[in-house]
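Here are a few notes from going through the model, for you to check against your own view. Have the coordinates open while you read.

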Amino acid sequence: MAQPITLLAFSGHEHLRTRVVLSVLSGKQVKIDKIRSDDKNPGLREPIIMLAPFAKRPFQLTLRGITTDEHDLSVDLLRTVTLPHLQFFGISDGLELRIKKRGDPPLGGGEVQFLCPIVKQVKTLNFVEPGKIKRIRGVAHAVRVNPQFSNRMIEAARSVLNRYIPDIYLYSDVYKGEESGKSPGYALSLLAESTTGALHCAEAASEPGVVPEDIALKATRALLTEIEKGGCVDRKHQCLVLLYMVLGSEDVGRCVMGEPTPRTIQFLRDVKEFFATSFKIASADPSDPECKQLTYSCYGTGYATDITEGPYYPQYQPFRDCEGLTVAPLLQTRRST
């Protein structure tokens, strides 16, 4: 007799994107209602980076719109921090994010190309040595404003960062003409890399009435806060790394991170709902009562994909009319035997 279909039900827009990802990857259907029910145009954009390595064919995707704002990671951090995290799991050859046009809010006008290979199975992660910060890199971009704004942000950031480390390189990225999007704006994106390859990032985007120097100081202080939290993965990438640890081969994966954010805590609860997998979380240094770093460990599910040769050129369309959205499995996947 056929087994009844399991349908997980949630309400609200919070954590919606990660729940969609978990539904697609686990093969469990999920019903989500009351998604920004007061919004006239709710919509949904899936976190493509989480899903792309498990598609049937390699991705070559063109996305248009806003490339930097205060709600999500900018394209600069996606390119320099998020994609390198995928390399920890063996996803590297052909992985790229190309910035063709900048697009600041509110009108956007940016354009990026995302290329991602597919893998049969991600590697088990064992990343428990945070190391020491050895260099800081950054991008200060300016579009449709005085080009000196980027230099002013760089000088302000250096006035703080030079006290801590000498190896600093901040790049000024000024776009003009059609490549500058439809709205004026500027931002500073920063990343710090450790001796073991750990990455920590922060950024700040232009705000009305706020001078470039203050934007730079905001981003700089945020980076120092991330570094202080410690661990091998910063707070912005906890969910991504934890997801791939769950999908890893049938072995124990470990990673040292800082304390989980509220978003990460809910994500761990959702992972248990979709994959019946729990994490063991313990102090990274039990002998130190003041240690705030934690070791996250779990047994991988042995998740694997059926790979089909040939490129895939999907047409990206956001979901509309999302009230009562039901997400069914979208990728053809199987568990390894």
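1. Two strands count as paired here if DSSP finds at least two bridges between them. In this predicted model, β3 and β5 (residues 110-116) go well past that cut-off, with 7 bridges in the antiparallel sense. If you want a spot to look at, Arg 64 sits opposite Glu 111 of β5.

2. Those two strands belong to an open sheet of 3 strands, ordered β3-β5-β4, with antiparallel pairing. β3 (59-65) and β4 (96-101) are the edge strands, each pairing on one side only. From one strand to the next, the twist averages 15°. Helix α3 (residues 75-87) packs on this sheet and touches β4 and β5; its direction makes about 170° with that of β4.

3. Now for α4 (residues 148-161): its 14 residues reach 20 Å from first C-alpha to last, close to the 20 Å expected. Which of its residues are buried? They are Phe 149, Ser 150, Met 153, Ile 154, Ala 156, Ala 157, Val 160 and Leu 161. These lie on the same side of α4, because they cover an arc of only 165° around the axis. The cover over them includes β7 (133-143), β8 (168-175), β9 (185-194) and α5 (212-229).

4. On confidence, the protein averages a pLDDT of 87, and 87% of the residues score at least 70. The stretch to watch is 309-337, where pLDDT stays under 50. The model does give that stretch 81 contacts beyond four places in sequence. Still, where pLDDT is low, the predicted coordinates should not be read in detail.

Note on methods
Residues are numbered from 1 along each chain as its sequence is written. This is a predicted model: local features need pLDDT of at least 70, side-chain atom pairs count only at pLDDT 80 or more; totals for chains, interfaces and linings use all residues. Side-chain values use heavy atoms; hydrogens and water are left out. Helices (H or I, at least four residues) and strands (E, at least two) are DSSP runs, numbered from the N terminus. The expected span of a helix is 1.5 Å times one less than its number of residues. Buried means under 20% relative accessible area, exposed over 50%, partly exposed in between (1.4 Å probe, protein chains only). The arc is that of the directions from the helix axis to the C-beta atoms. Contact means heavy atoms within 4.5 Å. pLDDT is the predictor's confidence in each residue, from 0 to 100. Axes are lines fitted to C-alpha atoms, for helices over the stretch in contact, and angles run from 0 to 180 degrees between N-to-C directions.
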